Amino acid sequence: MVKAMIIFIIIGYLIGCIHGSKVAQFLSGVDLKKTGHGNAGASNATLSLGWKYGILVALIDIGKGVAAVLCALYYFSSNASQFTEVQMWLLTYAIAASVILGHNFPFHMGFKGGKGTASIIGILLAIDWKIALFALMLFVILSLTTNYLIIGVLVFYIVFCTATYLWIPGVGPTMISIVLFGIALMLHIENIKRLFQGTEPKVTSAFKK
C-alpha cells in the first residue's frame with residue numbers, strides 16, 4: 001500500500017506538471033505568468049488572451065485530471081484483489097491531489113503554476129461524470145450570472161467536497177478534498193480580495209478579445 005501510494009503520488013505530480021499554458025504560450029507568444037494576474041491557468045488565459053485560448057488551456061488541463069484518475073481506475077480493475085475499496089479510493093484521490101499539486105506547483109516553472117480549477121473538473125469528471133456535469137452547470141451559470149469566474153470556481157469545489165463526503169467511502173478522500181479546497185482558497189485569495197474591492201476582471205471581458 002505504501003509503495004503504491006508513493007508511485008501514485010509521483011505519477012500524479014508528473015502528469016500535473018504538463019501545462020496547457022505552455023501550449024498557449026507557444027501558439028500566442030504570450031507568457032501567462034507575465035500577463036494578467038500571472039496565473040498559468042485557463043482562467044487567466046481566458047481573461048488575458050480570449051475565450052479560444054481559455055478553452056484550449058482548459059481542455060489540456062481537464063484532460064490530465066481525467067487521464068490520471070482513469071489510469072488509476074484501470075490499474076485497480078486489473079489488480080482489484082490487492083486492495084480494499086477504501087484503499088482504492090484513497091489511492092485514486094492521492095493521484096488526483098498530486099495532479100493538482102503538479103499543476104499548481106510544477107518543478108519546471110519554479111513551483112509557480114496555475115490554480116487547479118480545470119484539473120479538478122477533469123478529476124470529478126473521471127470519478128463521477130453525472131456529478132461533474134451538475135457541478136459544471138452550476139459553475140457556468142453562476143460565473144455568467146455573477147459575471148465572475150471565482151464564484152463558479154468556489155461553488156464547484158464545494159460540490160466536489162460535498163459529493164466526496166456523501167458518496168466516496170473512507171475518511172481519507174474527504175480529507176484530501178478539503179485540503180484541495182483549502183489550497184484553492186489560498187491561491188484565489190487575491191481574486192477574492194479583488195471581488196470585494198470590485199476590481200476582479202469580469203467574464204464578459206474575455207469575449208471582447
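Helices α1 and α4 are roughly antiparallel to each other, a label given to angles over 145 degrees. Helix α1 spans residues 2-16 and helix α4 residues 51-78, and the two pack at an angle of about 155 degrees with their axes 9 Å apart. Axes are lines fitted to C-alpha atoms over the stretch in contact, and angles run from 0 to 180 degrees between N-to-C directions. Helices are DSSP runs (H or I, at least four residues), numbered from the N terminus. From α1, Phe 8, Ile 15 and Gly 16 meet Lys 64, Ala 68, Ala 72, Tyr 75 and Phe 76 of α4, where contact means heavy atoms within 4.5 Å. By class, this contact holds six nonpolar, one polar and one charged residues, with Gly counted as polar, Lys as charged, and Ala, Ile, Phe and Tyr as nonpolar.

The model is predicted; local features need pLDDT of at least 70, side-chain atom pairs count only at pLDDT 80 or more, and totals for chains, interfaces and linings use all residues. Residues are numbered from 1 along each chain as its sequence is written, and side-chain values use heavy atoms, with hydrogens and water left out.

Turning to the cysteines, Cys 17 counts as buried at 6% relative accessibility, the limit being under 20% relative accessible area with a 1.4 Å probe, protein chains only. Cys 161 is also buried, at 12%.

Definitions and conventions
Angles under 35 degrees count as roughly parallel, over 145 as roughly antiparallel, 65 to 115 as roughly perpendicular and the rest as oblique. Buried means under 20% relative accessible area, exposed over 50%, partly exposed in between (1.4 Å probe, protein chains only).
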